[in-house]
Each structure stands twice: as structure tokens, then as C-alpha cells.
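I opened this notebook to record what I looked up, one entry at a time. The structure comes first, my notes after it.

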Amino acid sequence: MADLVDNSIDAGATHVLVQIVKTGGRPRSLYIVDNGRGMTPETIDTAMTVGRRREYQGSDLGHFGLGLKAASFSQARSLTVMSKAAGDEVVGRRWRLDDGPQRGFECDVVPGRFAETEFNRGWRIPLAGAGTVIRWDDVVPFAATHDPRHVEKILNHMITAACQHLGMVFHRFLESNKISIDFEVRDVDGAFVGPPIPVTPLDPFGYSRSARPDFPKTLTAEVDGLRLRFRCHLWPGRSSSAQFMLTGNPADHQGLYFYRRERLLQAGGWVGVHVPHKRLSFARVEVEIDDDSISLFQFNPEKSRVLVGSEFARLASMARASDGTSLNQYLEIAEDIFKTANKRNPKRTSMIHPGSGLPPRVRATIEKEIPPVAGEKPIDIRWAVFPDDSFFRIDRDDHTLWLNKRYRKMLLGDKHGGLNDLPLVKSLLYLLIGNVFEGDYLGPRDKDNLDLWQTILTTAVQAERQ
Ligand SMILES: Nc1ncnc2c1ncn2[C@@H]1O[C@H](COP(=O)(O)OP(=O)(O)OP(=O)(O)O)[C@@H](O)[C@H]1O
Ligand SMILES: [Mg+2]
């Protein structure tokens, strides 16, 4: 799919739509639609030819003249391309693997009426006079099962994985709003199109704060007119964020991230300049493949792997930051950070778990995430009529966190009240105040905190009422 999106971007598209089509309860076909400049009756024949390269512009992602065909036949038994350039009519071509070798290397011309109907099908993205519709039939990874429960699960899993992959490969395009990519599922029998599932950017460098303030650092090497830059990042620690986890095990995502023309070609790996190690999990390096460095690289036609030679390794060993830091020194720092992060007590502080007042789902989540204080009665969160307008009161003997009933209706708005109402407010209070129920007596620090929270929260709830 990334290969087809490459082509859409090269065609100047701003919107890409991936539609998965279900017939008889099973996904079978897939469309990729874009609003780019489309193909003329002449260019579509070149486009369907394996290895026929066009003239490429400086910013084009295409290079080999293979992507469309190779990508399509790695996923489907049949490829149909319908396209329209401004001022031309819709043209269509189809190529089926099952036609066999006797067909030679010629594809079918799709009848104009069919191409026209497919093109003007009322796609969610407007194809104002130009665009391209790619259709895959007999999609191979779709075919495995008939069991409807599994079909749904597998399909959802595939969509999630595809969204993640595209979100990562094109994160720079998505972040700068140069392109949008949406998935949708159409059920032919029900004549029903599901809601759009947008691809969101997944930035492998999307941490909020670096492990050290002097990072990221850019290390540069320059030899014989070649210039190579390594932008070395330090993730602040283990994180459950999507940006750290990416697709799978984060230990596999250490290393070099190669970008060419804003598209991520390879996500991690040390390409022979270093050995992967768990201790380097927080080390990720951005490398731009640009005109200054392109001769150091080769990439596979799938554009999923970057190949480098000894010249690259030589430049990598010479690269220095303005303060003299080398790649090896950076990796040592990354290992240190990993060791310190592991030394830090990773165990969460225990809390008395909540009792009545929160929905079972929220309680289950708290119980899963926070270790309990053994042998303590749970903390109930309940409403009561207060003599004053303070927001909460704690009863340590009875393990109850009381909330002032006079604010209840206002906080509920038009929702219904009940034992488990307002879970968000209650969870926040539990996280803030829960620890005060522990121990035999309240220390001065706890007392002062309670006063502080009371003052601020009472002011806040009154401000909310106004
Ligand atoms: N969505 C599209 N919109 C307009 N033209 C397209 C589209 N998809 C493919 N083409 C045309 O078809 C040609 C062949 O595409 P293909 O992906 O096979 O090769 P490429 O993009 O030239 O090179 P690469 O193998 O590096 O991807 C493209 O060069 C382009 O002219
Ligand atoms: Mg291409």
C-alpha cells in the first residue's frame, strides 16, 4: 500500500482513500483512490509496463518503474487501474495473474463505460476532473477464513496494522497536512459504507522530552563532496506510547531511520555500523538520504530496506557533533540512560483500591494498574449533604471520600445520577487523595495537602457552577 501511496503523492494527490470491499460477508477487493493528476491514455500504458521508467522530478518518490505492479501482485491476483487526467476521458487497464504466460506481457483494456462508472462512484474524496482508482481483486491475505467472527477480527487487525505502517512511513506528510489517508469498509450486500478510519501520523521521534537536554545532536561527516548527517535522539525511557512501541517490540526499533524525500524508507537497524542490543533501545537516529549522500545508498525495489557499503561505515565513524561527540560516544550515552532507567524503581506505589462509587470497568482498570495495600477496606466514594460548600470530605475511619451533594446536579448536566455517576471526577479525586487514607495518622504534609486541594477544588467547582 505504501507503494501505491508513493504514486499518489508523486501525482500531487492531497487525499487518498483505501476502501475494502466485502461481498458475501468476506473482504475480497480493495480500492485505492486518489485525487492526483491522473493518467492520460498514453501514460497509462507506460504505467502498466514493468520497469518502464518515466522522467522523474527532484522530489519524486518513484524510481524503478516497478512499484505499482510489484506491490499489486504481491497482494492480489488482479490489478485494475482506472484514471483520468484533466481534459481527458477515463481510461482503464486490467492485468490478471491467472491469464497465464500465453498472454505475454499485454494487459486488457478496460471498457470505457466500466472505467467511467468505477471512477464516478461517489467516492468520499472529491475527484475534481482528475484522479486515479486502483482496484485489487482476489486479495491474497484476505482469503483465509469463512468464520464471520474471525473475518471481522482479522480485518480489523489488518486495518490497524496498515494504518500504523502508513502512519509511520508517511508521518512527515501527514503531520504537515500534505496528504490525508483514510480507510473505509464497504459491504456490497448491505450497500453500506462504514465510517472513515483516518491514518494518523506515527512519529518514531515523537517523545515529549529528550532523555538529556543536550540531545538530539547532529553529527556530520564530510568527505570528497559527500555529506552525511546523523541526527541522534535519546528517548527519555521506556514508554507505552505508540511512537515508542511502533509496530511491535521497541528493542527492534533502535538504530537508523532513513528518510528519502520525507518518506521513511527503513525504521531502525544499525546496517552494520553497530550491533543491536537491548541496552540501545532508546537510541534512534534520523538519516536523510539527499543529493549530498545519495551515492552512498542503494535501496530495494520495495523501498523497505536501505543498503549501504563500506564508504557509509567510514563516514559514520568520522561523523562528529559540533562539540566533538562521535557516534560511539552517543551510543555509550544511550546505554547509560538505559541502565539508569532500569535502576529506577519500576514498581508502582501501592494504593488502597476504590470500592463503591466507580463503575466496575474503572475499578477493574485501577486494580490492574495499581498494586493494592494489603488488608485495607476499599475507599468508597459517595455523595452527602454538607453543612458548608466545601467540595469534599474524607472519613478515614470509614474509608469514605464524601462529595458535596449540592454540586452533583450541576456536574451531571443532563446526565443521570446514580451510584457510579461522574467517573472522571471521581477517578481524578481518587488519584489525588487516595493515599491520604493510608497509615495510622495524618502527617503535617498530608494535612496541608488536604487544605490546599480543598481550597482549590472548592473554588474550581464554584467557578464551574457560575
Ligand atoms: N496514482 C497514480 N496517479 C498518477 N499516475 C500514476 C499513479 N500510479 C502510477 N502512476 C504512473 O504509473 C507509473 C508507474 O508506477 P510504478 O509505481 O510502477 O513505478 P514508479 O512510481 O515510476 O517507480 P517505483 O518502482 O520506484 O515506484 C508512474 O511513474 C506514474 O507515471
Ligand atoms: Mg511508484
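**Entry 1: strand β6**

I started with W136, which lies in strand β6. The model is predicted, so I treat each value below as computed from it. W136 counts as buried because its relative accessibility is 3%, and the cut-off for buried is under 20%. W136 and I32 are 104 residues apart in sequence. In space, their C-alpha atoms are 8.5 Å apart.

Next I moved to T132. Strand β6 covers residues 131-139, and T132 is part of it. Is T132 buried or exposed? I find T132 buried, as its relative accessible area is 6%. The side chain of T132 has a polar contact with the side chain of S83, at 2.8 Å.

**Entry 2: ligand 1**

I asked how much of ligand 1 the protein buries. Taken alone, ligand 1 exposes 590 Å². The protein buries 93% of that. I also checked where ligand 1 sits. The space it takes is the largest pocket.

Then I listed the surroundings. There are 18 residues around ligand 1. Those that come nearest are R54, Y56, H63, L66 and K303. I sorted the shell by type and got 7 nonpolar, 7 polar and 4 charged residues. Which element gives the largest share of this shell? I found helix α3, residues 67-75, which supplies 3 residues.

I went on to the backbone.

**Entry 3: backbone geometry**

Most residues other than glycine have a negative phi, and most peptide bonds are trans. I kept the exceptions I came across.

The peptide bond between F215 and P216 is cis, with omega about 0 degrees. I placed P216 in the loop between β9 (197-198) and β10 (217-223).

N177 has a positive phi, near 55 degrees, though it is not a glycine. I located N177 in the loop that runs between α6 (171-175) and β7 (180-187). Buried or exposed, I wondered of N177? N177 counts as exposed because its relative accessibility is 68%, and the cut-off for exposed is over 50%.

E262 is another residue other than glycine with a positive phi, here near 75 degrees. The loop that holds E262 lies between β12 (255-260) and β13 (263-267). E262 has 35% relative accessibility, so I put it down as partly exposed.

**Entry 4: distances along the chain and in space**

I compared sequence separation with C-alpha distance for some further pairs.

I took Y441 and F338 to begin with. They are 103 residues apart in sequence and 39 Å apart in space. Y441 lies in the loop between α12 (423-433) and α13 (444-465). With 65% relative accessibility, Y441 counts as exposed.

I381 came next. I found I381 in strand β17, residues 380-384. I381 is buried because its relative accessibility is 1%. What separates I381 from L401? They are 20 residues apart in sequence and 4.8 Å apart in space, C-alpha to C-alpha.

I ended with G194. G194 sits in the loop between β8 (192-193) and β9. At a relative accessible area of 8%, G194 is buried. G194 and F183 are 11 residues apart along the chain, and 9.3 Å separates their C-alpha atoms.

Note on methods:
Residues are numbered from 1 along each chain as its sequence is written. Chains are lettered from A and ligands numbered from 1 in the order in which they are written. This is a predicted model: local features need pLDDT of at least 70, side-chain atom pairs count only at pLDDT 80 or more; totals for chains, interfaces and linings use all residues. Side-chain values use heavy atoms; hydrogens and water are left out. A residue is near a molecule or strand if one of its heavy atoms lies within 4 Å of it. Accessible areas come from the Shrake-Rupley method with a 1.4 Å probe; for residues, only the protein chains shown count as cover. On a 1 Å grid over the protein atoms alone, a cavity is a set of points where a 1.4 Å probe fits but cannot get out, and a pocket is an open set with protein on both sides within 12 Å along at least five of seven lines; lining residues have an atom within 4 Å of a point. A molecule sits in a cavity or pocket if more than half of its atoms lie within 2 Å of its grid points. Helices (H or I, at least four residues) and strands (E, at least two) are DSSP runs, numbered from the N terminus. Ala, Val, Leu, Ile, Met, Phe, Trp, Tyr, Cys and Pro count as nonpolar, Asp, Glu, Lys and Arg as charged, and the others, Gly among them, as polar. Buried means under 20% relative accessible area, exposed over 50%, partly exposed in between (1.4 Å probe, protein chains only). A polar contact is a pair of N or O atoms within 3.5 Å; within protein, one must be able to donate a hydrogen and the other to accept it, and residues adjacent in sequence count only if both atoms are side-chain atoms.
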